[in-house]
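Let's take a friendly tour of a protein sheet and the helices beside it. Have the sequence and the 3D view ready.

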Amino acid sequence: MRTDSNRNGQFWRCPREKVVFLDFDGVLHKGTSETFVKLPLFEDFLRQHSCVSVVISSSWRNANQRYLERLFSDDIVDRLAGTTMPEGLLPRRDQEIDCWVRVHRVTDFIALDDDASLFCPTWPKLFLTDGGKGLVPDDISALHNWAQRSSGLGRC
């Protein structure tokens with residue numbers, strides 16, 4: 001179901017009950033290796049939680065929408081709800097995410113990132129990965145716990 005609402009590609013599809021704001025470097029691969037070796041682990045998590053959408057908050061969000069979609073498996077592409085605003089419009093990533101959340105009325109979300117310096121130190125929605133490793137099984141376990149918490153609409 002396509003719901004393009006602006007020409008910048010910031011909003012592609014309606015978000016589901018829960019949203020993961022996803023960084024790529026240091027999360028889907030080690031550092032800036034661009035290998036995406038951790039993407040299958042993240043996609044397996046998504047397959048187990050149908051209520052979770054993804055919004056790309058990575059600096060990769062500036063890439064072409066079709067290119068970004070091709071990075072993901074066919075059965076996951078419809079889970080991509082869009083990107084945060086283009087880099088540099090707001091000073092911190094948490095502000096970009098908060099703006100997206102307000103505009104799209106999302107109530108349950110988490111930011112999956114490896115760089116705490118991009119966020120206010122007291123921002124409560126940040127889930128940090130070790131950028132030198134990318135996603136590891138313990139991170140996925142924590143994401144499962146988050147996704148299974150009830151948000152008033154039931155568990156997913």
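Ala111 has Leu126 of E5 as its bridge partner. E4 (108–113) and E5 (126–128) pair in the parallel sense over 3 bridges; two strands count as paired if DSSP finds at least two bridges between them. This is a predicted model, where local features need pLDDT of at least 70 and side-chain atom pairs pLDDT 80 or more, while totals for chains, interfaces and linings use all residues. Residues are numbered from 1 along each chain as its sequence is written, and side-chain values use heavy atoms, without hydrogens or water.

**The sheet**
- The open sheet has 5 parallel strands in the order E3-E2-E1-E4-E5; strands (E, at least two residues) and helices (H or I, at least four) are DSSP runs, numbered from the N terminus.
- Its edge strands are E3 (80–83) and E5, each pairing on one side only.
- Strands of a sheet pair through backbone hydrogen bonds.

**Helix H4**
- H4 packs on the sheet, touching E1, E2, E4 and E5, where contact means heavy atoms within 4.5 Å.
- The 12 residues of H4 (137–148) should span 16 Å at 1.5 Å a residue, and the end C-alpha atoms are 16 Å apart, which agrees; the expected span is 1.5 Å times one less than the number of residues.
- Which residues of H4 are buried? They are Asp139, Ile140, Leu143, His144, Trp146 and Ala147, buried meaning under 20% relative accessible area and exposed over 50%, with partly exposed in between (1.4 Å probe, protein chains only).
- Pro137, Asp138 and Asn145 are exposed on the other side of H4.

Terms used: Axes are lines fitted to C-alpha atoms, for helices over the stretch in contact, and angles run from 0 to 180 degrees between N-to-C directions.
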